[in-house]
Amino acid sequence: MPGPRRDYVAALDLGTSSSRCIIFDRTGSPVGIAQREHRQIMPQPGWVEHDPLEINRRVDAILRGAMAAAGVPPSDLAAVGITNQRETAVVWDRKTGQPIHNAIVWQDTRTADICTELARDGGQDRFRPKTGLPLATYFSGPKVRWILDNVPGAQARAEAGELLFGTVDSWCIWNLTGGRRGGVHVTDVTNASRTLLFDLETLQWDDELLGLMRIPRAMLPEIRSSSEFYGEAVGRLAGVPIAGDLGDQQAALFGQACFSPGEAKNTYGTGCFMLLNTGTRPVVSKSGLLTTVGYRIGSAPAVYALEGSIAIAGALVQWLRDSMGVIRKAAEVETLARMVEDNGGVYFVPAFSGLFAPYWRAEARGAIVGLTRYAGRGHIARAALEATAWQTREVLDAMNADSGVALKALKVDGGMVHNELLMQFQADVLGVPVIRPRVSETTALGAAYAAGLAVGFWAGLDDLRGQWAEDRRWNPEMPADRRAREYSNWKRAVTRTFDWVSPDDAGGAR
């Protein structure tokens, strides 16, 4: 009898606020999707955690849901790709499979003291020549250090080889491939490049960095390429190859078919992340951007990227909904913002986790400025949307300065690209067209592409480039003088957030 057709690839997109599974056919079109939110655990101001076991349960639920929606059994899946919130750190017991602490999320600021101490000798850019990254609470290495320092006995257990560390991709792959009964402990170069423990040139863990952070090498996953066979799934997906692994922003770069140097994308999710393909050599930023691995396909050379990372984008809309009750559903923010003609002089700087690129100011905190009695709910909603666009403008300015190439158009993706008011404003403040692809869930698509390439489901990058198609384009309409005036106002608003947390406020908790 003939075997199964295996005409589909599944992608698991393990994000900050939710997890989703999307099943794609050979044309790169989604045929089934399921999504589940997970809790945001905030035990102290500035601290953000997730329950890794809850994420496991969500993975099982979305796999079932997506396959049911598509009418696709596991036997029809050629491979599964993983993409994930990158810098979130999980430490677990290799024998029991139990996490020893909640996952510490990339937005969390509790490692400020650890980063400050590491920066005493050499400053915030001490590790940048090797890692491409500044010393900042964003990255996962200091989070592991915090767990080893604060969970009783953890350091000794780690040194004895009893504990494993991984970002969410490692945690998921380990569980999908058997967990404590033989699970594969791996990560890919893109996720490894976000730890402050990884050498961009050698593409390996660095002994000097591990020693400075006192993290035992035995805890760490094996570093692999972004597209290769890692292992076969067990359980619900028994026998299906796990073959793709990319950090979420790199997956979106790949899903947008940004395969040539100079091509860029911006993803609007919980945070906002712009990546520019710089080719097979890393470019060191002088403008506050990150140098990161973009992707590596099998044994081919790694492709690098410059990245501008913004901590709060869609999370600001979520905050308006969940914490302030200004809206009931996220989509209502556009309706509310359209009730007014402009922001009424109001600017909202969402430095809830400090400021990321291009400032890297961990002590900054959020601020709404320019308030008068004229300002209402609509102006606040509009200022919240505009904040994402202005932050993106700052990143683009830095990217142009580092690359020496002026971007002519910006490919966009993620949940917020369906907000047409935001997309038009984004084109206005950048002064270049903003382009949304036909498949806007490019993060999941990139993970599917990586997995499919590894098993021969797609022949190569030319196949993938041919599948990219434009859905909608926004051209700039704002006069240049108004753009300059409002950008200047935004810059002044940003400076009001600096130095809000004093050095005595340990970990930025107050």
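The protein chain of this predicted model averages a pLDDT of 93. Of its residues, 97% score at least 70. Residues 506-510 fall below 50 in pLDDT. Beyond near neighbours in sequence, that stretch still has 15 contacts in the model. Where pLDDT is low, the predicted coordinates should not be read in detail.

**Helix packing: α12 and α16**

- Helix α12 spans residues 377-403, and helix α16 spans residues 480-495.
- The two helices pack at an angle of about 95 degrees. Their axes lie 11 Å apart.
- Angles of 65 to 115 degrees count as roughly perpendicular, so α12 and α16 are roughly perpendicular to each other.
- On the α12 side, the contact is made by Ala387, Trp390, Gln391, Arg393, Glu394 and Asp397.
- On the α16 side, Arg483, Glu486, Tyr487, Trp490, Lys491 and Val494 make the contact.
- By class, the residues of this contact divide into 6 charged, 5 nonpolar and 1 polar.

**Nonpolar core**

- The largest nonpolar core holds 110 residues.
- Which members touch the most other members of this core? They are Tyr138, Phe198, Met219 and Tyr268.
- Helix α12 supplies the largest share of this core, with 12 residues.
- Met219 touches Val91, Val144, Leu148, Ala158, Leu163, Leu164, Phe165 and His185. That list leaves out residues up to four places away in sequence.

**Helix α4**

- Helix α4 covers residues 140-150 and is mostly covered, with 9 of its 11 residues buried.
- The buried residues are Ser140, Gly141, Pro142, Lys143, Val144, Arg145, Trp146, Ile147 and Leu148.
- Two of these, Val144 and Leu148, are also touched by Met219.
- What do the buried residues of α4 pack against? Their strand partners are β6 (89-93), β7 (103-104) and β8 (163-167). Their helix partners are α2 (112-119), α5 (154-159) and α8 (207-213).

**Ala103 in strand β7**

- Ala103 sits in strand β7, one of the elements that the buried residues of α4 pack against.
- Ala103 is buried, with a relative accessible area of 1%.
- Neighbours within four places in sequence aside, Ala103 is in contact with Val48, Glu49, His50, Pro52, Thr88, Ala89 and Val90.
- Ser29 is 74 residues from Ala103 along the chain. The C-alpha atoms of Ala103 and Ser29 are separated by 33 Å.

**Backbone geometry to check**

- The peptide bond from Ala357 to Pro358 is cis, with omega near -5 degrees.
- Pro358 belongs to the loop between β19 (347-349) and β20 (367-369).
- Leu196 is not a glycine, yet has a positive phi of about 70 degrees.
- Leu196 lies in the loop between α7 (189-192) and β10 (198-199).
- Asp499 is not a glycine either, and has a positive phi of about 60 degrees.
- Asp499 is found in the segment after α16.
- Are Leu196 and Asp499 buried or exposed? Leu196 has a relative accessible area of 1%. Buried means under 20%, so Leu196 is buried. Asp499 has 55% relative accessibility. Exposed means over 50%, so Asp499 counts as exposed.

Definitions and conventions:
Residues numbered from 1 in each chain as written. Predicted model: local features only at pLDDT ≥ 70, side-chain atom pairs only at ≥ 80, totals over all residues. Heavy atoms only, no water. pLDDT = per-residue confidence, 0-100. Contact = heavy atoms within 4.5 Å. Axes fitted to C-alpha atoms, helices over the stretch in contact; angles between N-to-C directions. Helix = DSSP H or I, 4+ residues; strand = E, 2+ residues; numbered from the N terminus. Parallel < 35°, antiparallel > 145°, perpendicular 65-115°, else oblique. Nonpolar A, V, L, I, M, F, W, Y, C, P; charged D, E, K, R; others polar. Core = buried A, V, L, I, M, F, W, Y, C linked by side-chain atoms within 4.5 Å. Buried < 20%, exposed > 50% of the residue type's maximum accessible area, 1.4 Å probe, protein only.
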